[in-house]
Amino acid sequence: MIPCIGHTGIGDSKGVIHDFAGPYYVSVDDLAFGETMKYVTLTHLDGVTPEQYDEAIKRADSVYQKRMHNICCDNCHSHVARVLNNLKYKGRTNYTMIDVWWMCIWSGKWLSVCNVL
């Protein structure tokens, strides 16, 4: 409905997407609203092993599997923010859904020209 906001998920070290898709449900390898259109590459993961990265996602998944989805305050963007906080991405632990949205707008890359349209 509002494509500039969109739905977000995060890929694990094997490229499998995890997304908070609805109340008490984190989807794994089945993005809730269709295929990926845009992506952001996390570039500051120095010293983070694939196991640590995947564990940060699993920890966020386990939290969000117990949460009610709220489109305005606790949503798919919040789930990704929790992963970034778990990772201490860029030395921060205070990412919010707004930060994730901004990363998608500012740093996101389209997969194809058709996706832009």
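Predicted model: local features only at pLDDT ≥ 70, side-chain atom pairs only at ≥ 80, totals over all residues.
Residues are numbered from 1 along each chain as its sequence is written, and side-chain values use heavy atoms, with hydrogens and water left out.

Stop 1: Select residues 17–22, strand β2, and residues 25–28, strand β3; they pair in the antiparallel sense over four bridges. Strands here are DSSP runs of E with at least two residues, helices are runs of H or I with at least four, and both are numbered from the N terminus. Two strands pair if DSSP finds at least two bridges between them. Now pick Asp 19: its bridge partner in β3 is Ser 27. Two residues lie between the strands of this hairpin, and Tyr 24 in the turn has a positive phi of about 60°.

**Stop 2: the helix pair.** Next, select α1 (residues 50–64) and α2 (residues 76–87), which pack at about 135° with axes 9 Å apart. Axes are lines fitted to C-alpha atoms, for helices over the stretch in contact, and angles run from 0 to 180 degrees between N-to-C directions.

**Stop 3: Asn 86.** Finish in helix α2 with Asn 86. Is this residue buried or exposed? Asn 86 counts as buried, at 18% relative accessibility (buried is under 20% relative accessible area, exposed over 50%, partly exposed in between, with a 1.4 Å probe and protein chains only). Leaving aside neighbours within four places in sequence, Asn 86 is in contact (heavy atoms within 4.5 Å) with Ala 56, Arg 59 and Ala 60.
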